[in-house]
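I kept these notes while looking through one model.

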Amino acid sequence: MRTRDLGITIGLGRPGPLNAITDVAGVRVGHATIIDGEGPLVVGSGPVRTGVTVVMPRGPDEWREPVFAGCHRLNGNGELTGLEWIRESGKLTSPIAITNTHSVGVVRDALVAASVVHVDPNSAWWSLPVVGETYDGLLNDINGFHVRPEHLRAALDNAVGGPVTEGNVGGGTGMVCHEFKGGIGTASRVVPEDRGGHTVGVLVQANYGKRAWLRVDGVPVGAEIGPDEIPSAYDQARSAGTPPPGSGSIIIVVATDAPLLPYQLERLAQRAGLGLARAGGTGGHTSGDLFIAFATGNRLPVEDENHPQLLAYEVRTVGDVVIDALFDATIEATEEAIINALVAAETMTGRDGITAHALPHDRLLEVMTRYGRGPRAA
């Protein structure tokens with residue numbers, strides 16, 4: 001179930017055919033989901049509610065080809081590895097993986113291992129992969145380190161174009177968003193033909209936000225459906241070591257087929273924060289709000305011993321008249337991706353019986369209709 005399946009439209013722009021990041025040609029998404037056990041937390045045994053999600057910028061035969069990229073930090077209480085090289089070079093040279101906070105290291109190392117499988121062992125090939133995280137310890141045995149290299153490999157093997165599974169899947173399995181069940185969400189926008197007709201796609205791992213701040217297309221849904229009606233997982237987990245309601249993070253991945261340069265992609269990544277704000281994100285002190293944007297509109301050379309070393313190569317870029325349309329597309333696709341994560345997510349009970357309740361579709365529709373933003377009449 002997705003937001004538009006309920007008849008709710010976010011923003012003014014036109015989605016791509018899939019309304020997903022995979023509307024950008026060549027982009028693939030894969031998940032590995034780990035769900036095991038129930039009952040009291042036993043560190044190392046479970047319950048386990050976690051996983052890995054990967055976004056691959058190019059097709060299966062082109063995964064080594066770099067793409068121009070840029071990044072932005074709204075608040076830095078989080079991790080997205082490899083960003084220093086992106087800032088320095090303007091290039092993304094690996095798939096992007098997203099997991100839980102304490103599994104970044106194993107996933108990063110597994111991505112490095114995957115990158116050298118078909119490389120001559122005497123080669124100087126190196127990898128600085130991009131791996132992001134959000135904290136799923138409210139539901140998951142996060143200190144049990146249940147994500148293994150084989151889960152990253154499975155996510156890579158499962159990566160495909162086409163519709164993207166959302167909600168309680170992959171890295172989003174154990175995540176909580178605006179005190180409802182959160183997780184993976186995606187959306188896209190196609191800019192008008194007179195502005196180039198380019199596609200922008202967004203994928204989020206949403207694990208942030210206070211209930212009262214949640215907005216859906218401007219409607220204060222979180223204030224209308226409070227914890228007195230749908231309990232908050234944070235309230236159930238109250239203890240000295242439990243973070244306050246609204247703690248958490250979000251990773252946002254923006255993809256486009258527009259021919260953009262790194263400085264333009266940095267600007268695009270920055271605008272993802274405006275989409276987050278429209279949904280109710282505030283970039284709070286305990287939140288890791290980290291964004292990356294990449295563009296497939298230029299073909300860049302692979303620089304290794306099997307390819308000729310070029311002294312120069314040509315790239316294209318869009319004119320400034322196109323930039324505002326790409327900004328608008330990024331903002332709307334980010335907002336809708338977050339709401340799609342909430343709509344797709346299903347109620348989940350994790351460690352110690354703590355339950356993250358799904359955003360109830362019937363109440364969402366009721367509130368949206370009362371504010372004049374419900375399903376449009378045929």
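**Strand S2 and its partners**

I began with strand S1 (residues 28-36), which nine bridges join to S2 in an antiparallel run. Helices (H or I, at least four residues) and strands (E, at least two) are DSSP runs, numbered from the N terminus, and two strands pair if DSSP finds at least two bridges between them. The model is predicted, with local features needing pLDDT of at least 70 and side-chain atom pairs counting only at pLDDT 80 or more, while totals for chains, interfaces and linings use all residues. Residues are numbered from 1 along each chain as its sequence is written, and side-chain values use heavy atoms, with hydrogens and water left out.

I found Asp-36 opposite Val-48 in S2. On to strand S5 (residues 96-100): three bridges join S2 to S5, again antiparallel, and Val-54 has Ala-97 as its bridge partner there.

Is S2 buried or exposed? I noted that nine of the nine residues of S2 (residues 48-56) are buried; buried means under 20% relative accessible area, exposed over 50%, partly exposed in between (1.4 Å probe, protein chains only). Val-48, Thr-50, Val-52, Val-54 and Met-56 point one way, and Arg-49, Gly-51, Thr-53 and Val-55 the other. In a regular strand the side chains alternate between the two faces of the sheet.

**The six-stranded sheet**

I traced an open, mixed sheet of six strands in the order S4-S3-S12-S11-S10-S9. Strand S4 (91-92) and strand S9 (183-190) are at the edges with a single partner strand each, so one side of each has no neighbour in the sheet. Eight bridges join S9 to strand S10 (residues 199-207), and the two run antiparallel. Gly-185 has Val-204 as its bridge partner in S10.

**The cavity**

I searched the whole structure and got one cavity of 30 Å³ or more. On a 1 Å grid over the protein atoms alone, a cavity is a set of points where a 1.4 Å probe fits but cannot get out, and a pocket is an open set with protein on both sides within 12 Å along at least five of seven lines; lining residues have an atom within 4 Å of a point. Grid points are joined across faces, edges and corners, and a volume is the space filled by probe spheres set on the points.

The largest cavity holds about 70 Å³. Its lining includes Met-56, Trp-63 and Leu-92.

**The pocket**

The largest pocket has a volume of about 370 Å³. I listed 20 lining residues, with Met-56, Trp-63, Ala-114, Ser-115 and Leu-156 nearest its centre.
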